[in-house]
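Subject: A structure for you to look through

Hi there,

Here is the structure I promised to pass on to you. Please open it and keep it in view while you read my notes below.

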Amino acid sequence: MPDQTITLIRGDGIGPEIAEATLRALDAAGAKLRYEEALAGMNAVERVRDPLPEATIQSIERTRVALKGPLTTPVGRGFRSVNVALRQHFDLYANVRPAKTIPGVASHFDHVDLFVVRENTEDIYSGVEHYVGADRSAAESIAIITKTGSERIVRYAFEMARRLRRKRVTLVHKANILKCSNGLFLEVGRAVARDFPDVAFEDMIVDATAMKLVMTPERFDVIVTMNLFGDILSDLCAGLIGGLGVAPGANLGRDVAIFEAVHGTAPDIAGKGLANPCALMLAAVMLLEHVGQAEAAGRLSRAVHGALATPSARTRDLGGEGDTKRFTDEVVARLRG
Ligand SMILES: NC(=O)c1ccc[n+]([C@@H]2O[C@H](COP(=O)([O-])OP(=O)(O)OC[C@H]3O[C@@H](n4cnc5c(N)ncnc54)[C@H](O)[C@@H]3O)[C@@H](O)[C@H]2O)c1
């Protein structure tokens, strides 16, 4: 198989440290990847005065797959967030976040194994908001839900469930109150569910979902929901398995996929060699699966989980004694051993 070329964005803050660690791990796992380096975020502003240079867009258009470190969002530079700009430009409508209990990583639950599939382009994040009145005494933010947007995300969730032999899709909404926007999402979801008789379907109101997730998370399989609820619930689910340090995510569109760690740039520990590279390594596992390198993905996943079960290798955010280098050395040793 020829090497797959991907775009590599190292990112800001701890981004370069965890990217370097992940590249070492990918190499040791035997991943057949070539990297096109591209800039984005604060470091891109510093080097080329643009948080999202055209060359980066062109690279992703060419490779269609990117591994991205976290990005600082420069304040007051034309758009609200580089991440949001990337999602909008490439129409990355599905944000997929797995949450699976990791042996050795402290958490409140033992049997979590679920996915949150979040609609990534619509809802209250459509950017339609304004103050009302000259004195700004009120403000409006408009949630836009479309039939097309709802159908493609629910269909994505069902197709993913079928591909991964998952048993149930739970559609999360607030249609009892938001009868138009959330009602439309639910109505479309029910119609799509009829095309997948082999996958069980249920719908659940978001507040009840939040409670059930922290009481019986093991009952959930694939959750599909709109942008705002997905944003909140996917962080909640990261908390169920030990926090953002171990949470990878994928932003997927029809043509392009961008894989990333869920956490941010961690400016408080940047440059100190303390960052946990695990989330970006697990994002790389998702990337390898996406590009058809399942064996390398399996090897890397096993090595990361093995290292996480080794207290001396675990980084401090997980209560361990290790640092970025120690953890990465452990992953690499397991891959080469
Ligand atoms: N995907 C992204 O690019 C992304 C996501 C979230 C935030 N951000 C950006 O990151 C910056 C900082 O945001 P924040 O402080 O709210 O969140 P953050 O995730 O960067 O940090 C929150 C806390 O978690 C710790 N932490 C995060 N990742 C860690 C890791 N891998 N290893 C060890 N500790 C880790 C940090 O040290 C900090 O104490 C902001 O500019 C924000 O816009 C980017």
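Strands S1 and S3 run parallel and are joined by three bridges. If you want a pair to click on, Ile9 stands opposite Lys68 in S3. S3 also pairs with S12, again in the parallel sense, this time over four bridges. Here you can look for Val65, whose bridge partner in S12 is Ala257. Please keep in mind that this is a predicted model.

Now zoom out to the sheet. Ten strands make up an open sheet with mixed pairing, and their order is S2-S1-S3-S12-S11-S4-S5-S10-S8-S9. Strand S2 (33-37) and strand S9 (200-205) are at the edges with a single partner strand each, so one side of each has no neighbour in the sheet. From one strand to the next, the twist averages 25 degrees. While you are tracing strands, recall that side chains in a regular strand alternate between the two faces of the sheet.

Further along the order, strand S5 (residues 113-119) pairs with strand S10 (residues 222-225) in the parallel sense, over four bridges. Val116 has Ile223 as its bridge partner in S10.

Helix H6 (residues 181-193) lies across strand S8 (168-173) and S9, and runs at about 165 degrees to S8. Helix H9 (residues 278-290) packs on the sheet too, where it touches strand S1 (4-9), strand S3 (65-68), strand S11 (248-252) and strand S12 (257-261). The direction of H9 makes about 160 degrees with that of S12.

Helices also pack on one another. Two packed helices are described by the angle between their axes and the distance between the axes.

Take H1 and H9 to begin with. The axes of helix H1 (residues 15-28) and H9 come within 9 Å and cross at roughly 45 degrees. The two helices are therefore oblique to each other, and H1 passes H9 in a right-handed crossing. H1 brings Ile18, Ala19, Thr22, Ala25 and Leu26 to this contact, and H9 brings Leu280, Met281 and Ala284. Sorted by class, that gives seven nonpolar residues, one polar and no charged ones.

How do H1 and H11 lie relative to each other? Their axes come within 9 Å and cross at roughly 10 degrees, which makes H1 roughly parallel to H11. On the H1 side, the contact is made by Glu17, Ile18, Ala21, Arg24, Ala25 and Ala28; on the H11 side, by Thr324, Thr328, Val331, Val332, Leu335 and Arg336. This contact has seven nonpolar, two polar and three charged residues.

The last pair is H10 with H11. The axes of helix H10 (residues 294-308) and helix H11 (residues 324-336) come within 8 Å, crossing at roughly 130 degrees. H10 and H11 are therefore oblique, and the crossing is right-handed. Arg299, Ala303, Val304, Gly306 and Ala307 of H10 meet Phe327, Glu330, Val331, Arg334 and Leu335 of H11. The classes here are six nonpolar, one polar and three charged.

Finally, have a look at the ligand. Which of the 21 residues around the ligand come nearest? They are Pro70, His263, Gly264, Ala266 and Asn276. The shell around the ligand holds nine nonpolar, nine polar and three charged residues.

Enjoy exploring!

Best wishes

Technical notes:
Residues are numbered from 1 along each chain as its sequence is written. This is a predicted model: local features need pLDDT of at least 70, side-chain atom pairs count only at pLDDT 80 or more; totals for chains, interfaces and linings use all residues. A residue is near a molecule or strand if its C-beta atom, placed from the backbone, lies within 6 Å of it. Ala, Val, Leu, Ile, Met, Phe, Trp, Tyr, Cys and Pro count as nonpolar, Asp, Glu, Lys and Arg as charged, and the others, Gly among them, as polar. Axes are lines fitted to C-alpha atoms, for helices over the stretch in contact, and angles run from 0 to 180 degrees between N-to-C directions. Angles under 35 degrees count as roughly parallel, over 145 as roughly antiparallel, 65 to 115 as roughly perpendicular and the rest as oblique. A crossing is left-handed if the near helix is turned anticlockwise from the far one by less than a right angle, and right-handed if clockwise. Two residues are in contact if their C-beta atoms, placed from the backbone, lie within 7 Å. Two strands pair if DSSP finds at least two bridges between them.
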